[in-house]
Amino acid sequence: MPEARIDKWMWAVRIFKTRTIAAEACKKGRISMNGSFVKAARMIKPGDVIQVKKPPITYSFKVLQAIEKRVGAKLVPEVMENVTTPDQYELLEMSKISGFIDRARGTGRPTKKDRRSIEEFTTPEFMDDFDFDFDFEEEGVE
């Protein structure tokens, strides 16, 4: 039965952009198999289910083929099956909706779109229809 290193497999099926990032995720405890965290050198075989934590959700992938060579995006469905539960995708949608309100620490400055949304959210409505053009009589000006 063919086996593959978990970091190479995750890179090969395009879960992570580079193998280094895949290995780093293993080291940080973001990758688990059968409820236990795995190291980058862990061997996987077809039938294994891998959980990948990419905040705010945890993806689940079923291994259909153990490969170590990167494949084209069109071939990925033959190699793995996404078995992520629908409630995880609901979490993702909720985080997209809440957007800028609970921005994760360290994600950088708000974008221009975020800033406009924040300003629109915090600006009181009555400020727009208030007339600031007062007629002041100039006193003492010669």
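Ring pairs link Tyr59, Phe61 and Tyr89 into a cluster. Rings of Phe, Tyr and Trp (its six-membered ring) are taken as paired if their centres lie within 6.5 Å; planes under 30 degrees apart count as stacked, over 60 as edge-to-face and the rest as tilted. By this rule there are two aromatic pairs. The rings of tyrosine 59 and phenylalanine 61 have centres 6.1 Å apart and planes at 10°, so this pair is stacked. The rings of tyrosine 59 and tyrosine 89 have centres 6.3 Å apart and planes at 70°, so this pair is edge-to-face. Tyrosine 59 belongs to strand β6 (residues 57–63) and tyrosine 89 to helix α4 (residues 86–98), so the pair ties together parts that are 30 residues apart in sequence. Helices (H or I, at least four residues) and strands (E, at least two) are DSSP runs, numbered from the N terminus.

The model is predicted: local features need pLDDT of at least 70, and side-chain atom pairs count only at pLDDT 80 or more, while totals for chains, interfaces and linings use all residues. Residues are numbered from 1 along each chain as its sequence is written, and side-chain values use heavy atoms, with hydrogens and water left out.

Accessibility was computed with a 1.4 Å probe on protein chains only; buried means under 20% relative accessible area, exposed over 50%, and partly exposed in between. Phenylalanine 61, at 7%, counts as buried, and tyrosine 89, at 32%, counts as partly exposed.

Strand β6 is part of an open sheet of five strands in the order β3-β2-β5-β6-β7, with antiparallel pairing. Strands β3 (36–37) and β7 (80–82) stand at the edges with a single partner strand each, so one side of each has no neighbour in the sheet. Two strands pair if DSSP finds at least two bridges between them. Strand β2 (residues 31–33) is joined to β3 by two bridges, and serine 32 has phenylalanine 37 in β3 as its bridge partner. Strand β5 (residues 49–54) pairs with β6 over six bridges, with valine 49 opposite lysine 62 in β6. A hairpin of two residues joins β5 to β6. Between β6 and β7 there are three bridges, and the partner of valine 63 in β7 is methionine 80.

The largest nonpolar core has 26 residues, and those with the most contacts inside it are Ile6, Trp9, Met10, Ile15, Ile31 and Ile50. The elements giving two or more residues to this core are α1, α2, β2, β5, β6 and α3 (76–79). Its largest share, four residues, comes from α1. A nonpolar core is a set of buried Ala, Val, Leu, Ile, Met, Phe, Trp, Tyr and Cys residues joined through side-chain atoms within 4.5 Å. Beyond residues up to four places away in sequence, aspartate 7 touches Arg19, Ala22, Ala23 and Ala40. Threonine 20, in helix α2 (residues 19–27), counts as exposed at 58%.

Technical notes:
Contact means heavy atoms within 4.5 Å.
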